[in-house]
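Subject: Structure for you to look at

Hello,

I am passing on a structure that you have not worked with before. Please open it and keep it beside this email while you read.

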Amino acid sequence: MKYIAYGSNMNADQMRYRCPNARLLGTGYIERARLEFYLHATVERTRRKSDRVPVAVWEISDRDEQRLDRYEGFPSYYIKDPWKVFMQDGSEIEGMIYLMKLIRNEEPHLSYYNGIRDAYAALGLGSEIRRVLAPALQRCIDRTRAIANAPAAEGGGQE
């Protein structure tokens with residue numbers, strides 16, 4: 001099975017630990033998608049073809065998929081969906097991607113974010129850090145601060 005990773009599972013060391021049989025097929029991107037953080041990374045569909053998220057594509061075994069299902073909290077925290085990937089070599093493939101189901105408006109831990117940033121660099125996707133990764137983190141920070149600073153709803157708060 002082809003597994004599409006856009007977050008911490010882009011990191012080769014993490015994948016060796018989580019999925020010992022996984023083999024990196026290459027990198028590419030998914031179109032009409034935007035990376036977001038809600039404590040952890042997810043992608044959200046958009047309408048704009050120019051919105052795209054870099055990914056790593058892995059070949060995984062059935063056993064590796066079971067391990068990832070547990071790690072990702074499938075089906076409570078993440079669900080699975082088929083997506084098309086435009087590979088760097090010009091080919092197109094379809095694979096399975098995890099999409100967040102349980103949204104948490106919290107900022108990611110710095111070590112989690114840095115692990116993804118390091119994976120981008122290691123995979124030759126360094127230019128995508130400023131284009132995709134850093135803006136996703138900033139949107140998360142802005143969103144969580146706006147929620148924290150929002151006035152309590154009228155009539156429902158403590159006095």
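Predicted model: local features only at pLDDT ≥ 70, side-chain atom pairs only at ≥ 80, totals over all residues.

Largest pocket. The space in the largest pocket comes to about 200 Å³. Its lining is made up of 16 residues, and Ser8, Tyr71, Glu72, Tyr78 and Tyr112 are the closest to the centre. Two or more lining residues come from each of strand E1 (2-5), strand E4 (40-45) and helix H2 (62-72). E1 gives the largest share, with three residues. Sorted by class, the lining has ten nonpolar residues, five polar and one charged.

Helix H2. The helix that contributes to that lining, H2, has buried residues at Asp64, Glu65, Leu68, Asp69 and Glu72. Viewed down the helix axis, the buried residues of H2 fall within an arc of 145°, so they line one face of the helix. In an α-helix there are 3.6 residues a turn, so residues three or four places apart point the same way. The buried residues of H2 pack against E1, strand E6 (78-87) and strand E7 (92-100). After H2 comes Gly73, with a positive phi near 70°.

Cysteines. A disulfide is a covalent bond between the sulfur atoms of two cysteines. A search of the whole structure for disulfides finds zero. Cys19 is buried, with a relative accessible area of 1%. Cys140 is also buried, and its relative accessible area is 1%.

Regards

Terms used: Residues numbered from 1 in each chain as written. Heavy atoms only, no water. 1 Å grid on protein atoms, 1.4 Å probe; cavity = no way out; pocket = protein on both sides within 12 Å on 5 of 7 lines; lining within 4 Å. Points joined across faces, edges and corners; volume = space filled by probe spheres on them. Helix = DSSP H or I, 4+ residues; strand = E, 2+ residues; numbered from the N terminus. Nonpolar A, V, L, I, M, F, W, Y, C, P; charged D, E, K, R; others polar. Buried < 20%, exposed > 50% of the residue type's maximum accessible area, 1.4 Å probe, protein only. Arc of directions from axis to C-beta. Contact = heavy atoms within 4.5 Å. Disulfide = S-S within 2.5 Å.
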